[in-house]
Amino acid sequence: MMQTLGYYDGKYDEIDKMVVPFDDRSHYYGDGVYDATCAGNHVIFNLDEHVDRFFNSAALLKIEIPHTKQEVKDILNEMVKKVDGDELFVYWQVTRAVAPRNHVFPEGQKGRLWVMIRPSKIGDPSKTLKLMTVEDTRFLHCNIKTLNLIPNCMAMQQAVEAGCDEVVFHRGDRVTECAHSNVHILKDGALKTAPCDNLILPGITRAHRIAQCKAMGIPVIEEPFTVQEMMEADEIFFTSASALCCRIEEIDGQKVGGRDPERIARIQKAAWNEALEEVRQIKG
Ligand code: PLP
């Protein structure tokens, strides 16, 4: 068993021993896309959906992934078995090419696949989190999971310096998403969440929580909501592959939510049961 495992274009090693070519276009332009999820007991969660989104992101940037979807899944599934740890972070990306710096795409090249796998913890559902609002100054292609995350990093650093766990981005009044998760509210018994347009990443975990709410008879409204609506919501939570469903108790120093504890607890329970079930089913 290894402590971590990296992959670049056919080569494997511990991540801190990996070396990649200087001219990989990710270095100059962040010219690539990625996807990421968790593994529990060496089973990767929602792999099909994450790989589908990965291919979709690459296609939107005209990046050619040098493998089929099945080959990417096979590489990830093989790698995840070799790393020690009950809970692992599974990250992969494709960069356009290795070529001298030039804005125009080099001809006749396929992308380079990178993978990194290391131990990590899935978000603890019993923890309630503090957030801060930040104006969303990202570009208008947030539906594509590109490597360009500088505004997200700037915002997260600001949040941590202010003693917060995440940020809520908003464009004017409209809430978009968090720096690395989707944000949702409960109001009058319904789930409200931003629609999947170019301003948010179509979260896989978001889609799962929506499907579960519908199955539990909780109405789902996929419409934009404002910062004020969020501050006055009955409950607020965020979702991502590594934080299945986390409650938010404070935003910008104000207490928020806490008015529909029974419903949010049901959503959290459903999220964890689904993850456990997935591990059990694949393990047989
Ligand atoms: N939004 C952003 C900006 C993200 O980076 C992520 C996850 O990386 C998400 C939302 C949540 O997506 P998912 O549930 O597929 O992990």
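Trainee: What makes the residues of strand S1 buried, and which way do they point?
Mentor: In this predicted model, Leu 5 and Tyr 7 point one way from strand S1 (residues 5–8), Gly 6 and Tyr 8 point the other way, and all are buried. Buried means under 20% relative accessible area, exposed means over 50%, and partly exposed lies in between (1.4 Å probe, protein chains only). A strand here is a DSSP run of E with at least two residues, a helix is a run of H or I with at least four, and both are numbered from the N terminus.

Trainee: How do you know that S1 pairs with other strands, and with which ones?
Mentor: Two strands pair if DSSP finds at least two bridges between them. S1 and strand S6 (residues 112–119) are antiparallel and have four bridges, with Val 115 of S6 as the bridge partner of Tyr 7. S1 is also antiparallel to strand S2 (residues 11–13), to which three bridges join it; there, Tyr 8 has Lys 11 as its bridge partner.

Trainee: What lies between S1 and S2 in their hairpin?
Mentor: Two residues separate the strands of this hairpin, and Asp 9 is in the turn. The phi of Asp 9 is near 50°, a positive value in a residue other than glycine.

Trainee: Why is Asp 9 called partly exposed?
Mentor: The relative accessibility of Asp 9 is 36%, so it counts as partly exposed.

Trainee: Which sheet do these strands belong to, and what makes a strand an edge strand?
Mentor: The sheet is open and has six strands in the order S2-S1-S6-S5-S3-S4, with antiparallel pairing. Its edge strands are S2 and strand S4 (43–44), since each pairs on one side only. Further in, strand S5 (residues 87–95) and S6 are antiparallel with eight bridges, and Tyr 91 has Met 116 of S6 as its bridge partner.

Trainee: Where does Asp 188 lie, and why is this residue called exposed?
Mentor: Asp 188 is in the loop between strand S10 (182–187) and strand S11 (190–193). Its relative accessible area is 68%, and therefore Asp 188 is exposed. Its phi, near 50°, is positive although the residue is not glycine.

Trainee: Why does Asp 234 count as buried, and what does this residue contact?
Mentor: Asp 234 is in the loop between helix H6 (227–231) and strand S13 (235–240). Because its relative accessibility is 13%, Asp 234 counts as buried. Contact means heavy atoms within 4.5 Å. Leaving aside neighbours within four places in sequence, the contacts of Asp 234 include Lys 187, Asp 188, Gly 258 and Arg 259.

Trainee: Why is Ala 241 called buried?
Mentor: With a relative accessible area of 16%, Ala 241 is buried. The residue is in the loop between S13 and strand S14 (243–251). Not counting residues up to four places away in sequence, Ala 241 touches Ala 36, Thr 37, Cys 38, His 50 and Thr 205. Its C-alpha atom is 8.3 Å from that of Ser 181, 60 residues apart along the chain.

Trainee: Why does Arg 209 count as buried?
Mentor: Its relative accessibility is 2%, so Arg 209 counts as buried. Arg 209 lies in helix H5 (residues 204–215). Beyond residues up to four places away in sequence, Arg 209 touches several others, among them Phe 237, Thr 239, Cys 245 and Glu 274.

Trainee: What makes the protein as compact as a globular protein of its length?
Mentor: The secondary structure comes to seven helices and 15 strands. The radius of gyration is 19 Å, close to the 19 Å that the globule rule gives for 284 residues, so the protein is as compact as a globular protein of that length. The radius is taken over C-alpha atoms, and the rule is 2.2 Å times the number of residues to the power 0.38. Of the 284 residues, 50% count as buried.

Trainee: What conventions apply to these values?
Mentor: Residues are numbered from 1 along each chain as its sequence is written, and side-chain values use heavy atoms, with hydrogens and water left out. As the model is predicted, local features need pLDDT of at least 70 and side-chain atom pairs count only at pLDDT 80 or more, whereas totals for chains, interfaces and linings use all residues.
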